[in-house]
Amino acid sequence: MEMIQLFEDDRLSTKKNLKVLPTTYQKVMFTLSELWSVSERQGRYKLLKPWWEVFMDYLVLLMLMVSVLAGTLLLSKDGVVCVPVHSLSSNYSSNFEIPSDSPTSPFISDTSPSHSILAEGPAKGRRTNLDFQQYVYISQVCYHEALPWFSRFLPYVTLLQSLLLLASGCFWFHFPLTSARIEHFLAILGKCCESPWTSRALSRTAKLDSAHSQPPEEEQVMRPQVPPVPASITRQSSLDSGTDSPLLVRTGSMSTTAAQPSPCPSTLSRCSTLSSLSIPEPASLLKTAQVIPEVSRPGPTLDRSDGEQARALFERVRRFRSHCESSDIIYKVYTTQTVFKVLKVIVIVSYTAPLLGSITFSHMCQPHSFALTGYQVFQCSHSLSSVLRKLMQAYVCLVGLYGLLGIYTLYWIVHKSLRQYSFQCLRDVGSMLDAPDLSNDLAFLLHMTDQYDPLLAQRLSVFLSPVSETRLMEESLERRWNATRLRSMITSDHQGRSLLQLVAVPRLPPALFTLSQLEVLKLELIGDAKLTAQISNMSALRELHLYHCSAAVEPTALVVLQERLESLHLTFTQAAEIPSWVYSLRGLQELHLTGRLASEGSVGRGWALGSLRHLRHLRVLTLRGMVQRIPAELSEIAGSLVRLEIHNEGTRLLVLTGLRRLVGLAELELQGCQLERLPSALLALTRLRSLDLQHNCLRTLEELLGLQHLRRLSCLRLAHNRVLALPASVGVLRALELLDLSHNQLQNLPPALFTLHRLRRLLLGGNLLEELPAEVGALTLLSELDLSGNRIESLPKELFTSCVELRILNVANNSLGTLQPGLGSLSHLSQLDVHGNNLEELPVELGCCSGLRGGGLLVESWLLHTLPGHIRDFLQQTHSTSCASSEANSRPVSDSFPTFSTAQWSFLSAAESRI
């Protein structure tokens, strides 16, 4: 009874399990979309998938469906049905006896005549005396023992294999070393497709191609009537730029109800939305392309934001190209991924195909349950065997087709050079002739996109073309630097001439050549400054400044410069940067060169410029650089050269014999040349009127005696040297009108100095003088005297009684205790600087110096209160206005500090930040 109750409980639990089975099936089931969403985002990567990759993805999808279907069948309906096999030798023979103490007495059957039939053959319709629970038990045992493992688990294995193939198909999209480049490439490609500049460049190229393809005779033929464009050929405006989008979408019909998605979906660019265009087939495009384009009116120009985005995209493409062409990691990963897929297919087919024959319907089972059932052998049938065999055969076929596509991919990789990409097809049709060839990863990515749509590479070539970038710069310059803006930037220099300064612009704007009244043009840090024939419109241009600008000049423009240009300023790093056309400016009068002029490692020659023989009218030559000798080439212009300036920036000037040939020289400046003596070559310059040897290392001036032959020398500047004493031979320079000996080490002045009766300006500031000789009264024409920065304690009265023409007197930073009362006799005195002395009061005679009114007196403010009130008010009258004018007049007259308007200063600040 206990055994019967136990069987009843098992039967009830089995029924409950059968009722719960559909619920379990619902929990295990999952949708295919969930599996497919794990693979990849199709919209982002479909541009890089050729047709075989798409086909392989669909094959993997079918493999997953077959695997999931087979697995679902196994989970829901799989099982075996087993029946006992009767035989005399094993089951229920007449000699079979059951022990008396066996608990299985219910299985003992009564003796009947029917037992004799067992010996004659298999029992048919024979009672087995097995309970339902025994059949369930035997079926479950035989399912695990008699059924092969591949009949039970092969669908799950194929599911894992399919998932592995799915993951390997998109591995190169997610590999850390390749995913960033692919994402960047897709973003750039999307920007290139949606940029308004792409449409403009391609349309202009198409117009040029169609114009060149027409024979000359056809130009006289009337243009055919162009049929109206169907309504289906529409262009939707780009949301981010407001212009037409260049993306092309091919549709099979002319309806607009179901537009296909763009080849570059909006997911490629997160900051914009790509628009779409529906056009007819390419055959119809070829027909309409034969119409000659209208060129009478220009197309619409880009707005400022579109132009800036296009320029930024050019730079972005340039940087991405240099980054991708440095390695071929994407190519290697894709090749390795393809080899892995082929090897995986070979392994799958090698062990799956032989197992298909083992999936059979009938199986023999011998469970160890004789004591429980009384049978040793059972015949079992697998109900899903035929369905599983067909599903697995379909799976193997799909895997084989997948492997064939993988082998074709390997053949394509080996047969075609994927690490080199050429735009030769575009050059053959006459568009984008200057698009460069690409290599490595960028070339491989373009090969992949060509399998999707060759037009994508054409759109990218727009931003690889230097001509396209140049054309964009020209349009941007025309828009940003128009004539109105350029005229607002014109200022005046110290000579009152109109001046325009352009800094760090990409190239010269075309509107520049319309400024006919411009006299001085300064170009700074312009990489591509090209002077075209339109410079002939600038009729007033006389002076040109090129500061680190590699200016190119057209032949027609060179003729104009040869006739009109008078002054040229060039700043460079090496002399090789000087344009060759400079030496052919036959009308040039002033040439100022700043940069390294000496040849590399050549002390003997020390000159890296070309011949100057064509500069026949050159009068002023300025050299600011490291010159080691006076160039012999200067003799070619000795007949015209009047002024020579050499600022050597501390480099020693070794050879000065070349000065002897410049007999017509009137002004000579040799600053920063490390000279220790006066050059003997100066004796040959008989026409010299001005000699400037400032910022050298002169210690003695004994050679002044040799300068007595320079009878026209009226200006001698020897400031910022190391002169210890002034020789008496200075008296031979009878024509001197200006003598500058400031910032030396003079302790006294020779009497011969005061025999120079023509001297008008005597500058002795920054020395070690302790007194001023009374002989200074002999300089009756003296108008300026600078004694600042010395140790003078008193001034001789002869200075005030005899030097009545004195206008500027500077005795600041000395040791003066008082000022002579005779100061009032200097009626022409307009500037007196006495600050930094030991004065306790000012003489009232200052009231007689009417020229000091309005700021002419420079002194500590507290000393002014020592004067009577009416004199102080007299000297301070219009003080603020005069100080402002005095400060403005005291500024150095130099073109190094031009005056700019507020708009110009803001532009220069932006340009400096960009640099």
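A crossing of two helices is left-handed if the near helix is turned anticlockwise from the far one by less than a right angle, and right-handed if clockwise. Keep that in mind for the close-ups below, which come from a predicted model.

**Figure 1. Helices α12 and α14 cross in a left-handed way.**
Here α12, residues 329-356, meets α14, residues 385-415. Their axes come within 9 Å and cross at roughly 150°. Angles over 145 degrees count as roughly antiparallel, and α12 and α14 are therefore roughly antiparallel to each other. What kinds of residues make up the contact of α12 with α14? Sorted by class, there are 16 nonpolar, 7 polar and 2 charged residues.

**Figure 2. Helices α4 and α6 make another left-handed crossing.**
Two numbers are handy for a view like this: packed helices are described by the angle between their axes and the distance between the axes. For α4 (residues 51-77) and α6 (residues 149-169), the axes come within 8 Å and the crossing angle is roughly 155°. That makes α4 roughly antiparallel to α6. On the α4 side, the contact includes Val60, Met63, Leu64 and Leu74. From α6 come residues including Pro155, Tyr156, Leu159 and Leu163. Look also for Glu53 of α4 and Arg152 of α6, which take part in the contact too. Class by class, the contact of α4 with α6 holds 13 nonpolar, 6 polar and 2 charged residues.

**Figure 3. Helix α8 meets helix α17 at roughly 80°.**
How do α8 and α17 lie relative to each other, roughly parallel or roughly perpendicular? The axes of α8 (residues 176-194) and α17 (residues 455-462) come within 9 Å and cross at roughly 80°. That makes α8 roughly perpendicular to α17, because angles of 65 to 115 degrees get that label. Phe185, Ile188, Leu189, Cys192 and Cys193 are the α8 residues at the meeting point. Across from them, α17 brings Leu456, Arg459 and Leu460. This contact of α8 with α17 has 7 nonpolar residues, no polar ones and 1 charged residue.

**Figure 4. Leu644 sits in the largest nonpolar core.**
A bit of background first: in soluble globular proteins, nonpolar side chains tend to be buried together. The largest core in this model has 131 residues. Which of them touch the most other members? They are Leu644, Leu659, Leu668, Leu670, Leu799 and Leu842. Helix α20, residues 555-564, gives the most to this core, with 4 residues. Zoom in on Leu644 and, leaving out residues up to four places away in sequence, you'll find that it touches Leu621, Leu634, Leu659, Leu662, Leu665, Glu667, Leu668 and Glu669.

**Figure 5. Asn440 and Ala504 each have a positive phi.**
Why give them a close-up? Most residues other than glycine have a negative phi. For Asn440, phi is near 60°, and this residue is found in helix α16, residues 440-452. Ala504 has phi near 55° and lies in the loop between β9 (498-503) and β10 (520-524). Are these two buried or exposed? The cut-off for buried is under 20% relative accessible area, so Asn440, at 19%, counts as buried. Ala504 counts as buried as well, at 13% relative accessibility.

**Figure 6. Gln671 is a buried residue in a strand.**
Find strand β18, residues 667-671, and look there for Gln671. Its relative accessibility is 15%, so Gln671 counts as buried. What does Gln671 touch, if residues up to four places away in sequence are not counted? One set of partners is Ile646, His647, Asn648 and Glu649, and the others are Asp692, Gln694, His695 and Asn696.

**Figure 7. Gln745 sits in a loop and is partly exposed.**
The loop in question runs between β21 (738-740) and β22 (761-763). With a relative accessible area of 36%, Gln745 is partly exposed. Gln745 and Val723 are 22 residues apart in sequence, yet their C-alpha atoms are 5.6 Å apart in space. Gln745 touches Arg722, Val723, Leu724, Asn767 and Leu768, again not counting residues up to four places away in sequence.

**Figure 8. The whole chain has 25 helices and 26 strands.**
Of the chain's 915 residues, 46% count as buried. Among contacts between residues at least 6 apart in sequence, 60% join residues at least 24 apart.

Methods. Residues numbered from 1 in each chain as written. Predicted model: local features only at pLDDT ≥ 70, side-chain atom pairs only at ≥ 80, totals over all residues. Heavy atoms only, no water. Axes fitted to C-alpha atoms, helices over the stretch in contact; angles between N-to-C directions. Helix = DSSP H or I, 4+ residues; strand = E, 2+ residues; numbered from the N terminus. Parallel < 35°, antiparallel > 145°, perpendicular 65-115°, else oblique. Contact = heavy atoms within 4.5 Å. Nonpolar A, V, L, I, M, F, W, Y, C, P; charged D, E, K, R; others polar. Core = buried A, V, L, I, M, F, W, Y, C linked by side-chain atoms within 4.5 Å. Buried < 20%, exposed > 50% of the residue type's maximum accessible area, 1.4 Å probe, protein only.
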